[in-house]
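Biologist: I would like to learn how to read a structure of this kind, feature by feature. Could we go through one together, with the general idea before each case?

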Number of protein chains: 2
Amino acid sequence: MRLSPAISELIRALRMLPGVGPKSAQRMAFQILERQREGGLQLSQALAQAVERVGHCEVCRTLTEAQVCELCSDDARRNSGLLCIVETPADVLAIEQTGQYAGCYFVLMGHLSPLDGIGPEDIGLDRLAERLAADTISEIILATNPTIEGEATAHYIAELARQHNVSTSRIAHGVPVGGELEYVDQATLGHAFSGRKRVEFD
Amino acid sequence: MRLSPAISELIRALRMLPGVGPKSAQRMAFQILERQREGGLQLSQALAQAVERVGHCEVCRTLTEAQVCELCSDDARRNSGLLCIVETPADVLAIEQTGQYAGCYFVLMGHLSPLDGIGPEDIGLDRLAERLAADTISEIILATNPTIEGEATAHYIAELARQHNVSTSRIAHGVPVGGELEYVDQATLGHAFSGRKRVEFD
């Protein structure tokens, strides 16, 4: 049995979403057509508008509708002298949710990956170099993912920062809060030991 | 930190999809904007077109772009005299995939639910009654869900069919194929016993 072409096309298009397989896509399509036509139209418009309007911040490369994003427009953050390097806009959100950081960000929108042809310019490191040369950045905080590519990217940026005499730090890796040692992988546990901190008594 | 309005709106609209919570919606929105803008536009168009074009089959009420759906236009199926009653278009798909049934369908698009104000007319039973009176239907197969509402709906339709002297059957309930008795619930196991079949030796 063939479904109506518009329904098949909707199911096919929904499968583009991450984590949506054939069965979920079918369920979504039927739910929209049976009960949520209004919501379906809203989603259609939101998609078209977001794809049309959202571009990259001129300063930090994150996704935004404005030329310069909200965080980069914040004087207090700019004056902090801190620049945190992350891979994606979702990482910015995650760090902002901790409430522990009040500096600026630089969003690579990926990581170095020579095998895929992604070099320094593709992740905006030319622009980062200009900023290191011009701005008054006192510290670079490397918050790329703890993967092979993320580490290589962090290493490359640390070298770049050293050439501009900007001090650099890497976020700590170790046992996650609330985790149990028994279930933590070897590499993480190794980091937790090599990065141990002396207990200080005031 | 506030996200750009178009991004927030996209995340809000994506949450309308079944099974999509705030975190998945955010992941979907970022993936579309970072890597799949083309796919995002296609999805936008597919949604708008499906909502605009897809209506209900005049004969069986399933979702279709045509006035009469493909299955209802099939002479062989119409001549079979069999009419299977299901709750949703997804049920039609599921039954079609078994390859065991070659009759027509009637899709209720829901079930009787007096507490929610859903009566016989809301699920098209007036149209079903006309069809029972006019058509040459020899058997009604009740394939509503084995829930309280589904059973009540099946019961109501069985009564309707009796008034029109059309014989009625209910699909079998029992232990699912590949299931283990130990993990089957009591009601299902009860059905499996009361619906047991004599083993015949040819």
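Modeller: Let us begin with the record: in an unreviewed entry, UniProt lists residues 81–176 of chain A as "domain: Toprim". Positions from UniProt are given in the numbering used here, feature names are shortened, and annotations may be inferred rather than shown by experiment. This is a predicted model, in which local features need pLDDT of at least 70 and side-chain atom pairs count only at pLDDT 80 or more, while totals for chains, interfaces and linings use all residues. Residues are numbered from 1 along each chain as its sequence is written, chains are lettered from A and ligands numbered from 1 in the order in which they are written, and side-chain values use heavy atoms, with hydrogens and water left out.

Biologist: How much of residues 81–176 of chain A is helix, and how much is strand?

Modeller: Helices (H or I, at least four residues) and strands (E, at least two) are DSSP runs, numbered from the N terminus. The span 81–176 of chain A is 38% helix and 18% strand, and its end C-alpha atoms lie 28 Å apart. UniProt also lists, again in an unreviewed entry, residues 57–72 of chain A as "zinc finger region: C4-type", and there the chain is 0% helix and 12% strand, with the end C-alpha atoms 8 Å apart.

Biologist: How do I read the interface, and what area do chain A and chain B bury between them?

Modeller: The size of an interface is often given as the accessible area lost when the parts come together. Buried area is the accessible area (1.4 Å probe) that two parts lose on being put together, summed over both. For chain A and chain B it is about 5,000 Å², 70% of it on carbon and sulfur atoms. On the side of chain A that touches chain B, two or more residues come from each of α1 (5–14), α2 (22–35), α3 (37–53), β2 (63–64) and α5 (89–98) of chain A, and α3(A) gives the largest share, 12 residues. That side divides into 31 nonpolar, 12 polar and nine charged residues, where Ala, Val, Leu, Ile, Met, Phe, Trp, Tyr, Cys and Pro count as nonpolar, Asp, Glu, Lys and Arg as charged, and the others, Gly among them, as polar.

Biologist: How many salt bridges are there between chain A and chain B?

Modeller: A salt bridge is a side-chain nitrogen of Lys or Arg within 4 Å of a carboxyl oxygen of Asp or Glu, and the count between chain A and chain B is zero.

Biologist: Is A:Ser44 buried or exposed?

Modeller: Buried means under 20% relative accessible area, exposed over 50%, and partly exposed in between (1.4 Å probe, protein chains only). A:Ser44, which lies in helix α3 of chain A, counts as buried because its relative accessibility is 6%. Contact means heavy atoms within 4.5 Å, and, leaving aside neighbours within four places in sequence, A:Ser44 is in contact with B:Ser44, B:Leu47 and B:Ala48.

Biologist: Which value of phi does A:Arg61 have?

Modeller: Phi of A:Arg61 is near 70°, a positive value in a residue other than glycine. A:Arg61 lies in the loop between β1 (55–56) and β2 of chain A, and it counts as buried because its relative accessibility is 11%. A:Met109, also not a glycine, has a positive phi of about 55°; A:Met109 lies in the loop between β4 (104–107) and α6 (125–134) of chain A and is partly exposed, with a relative accessible area of 23%.
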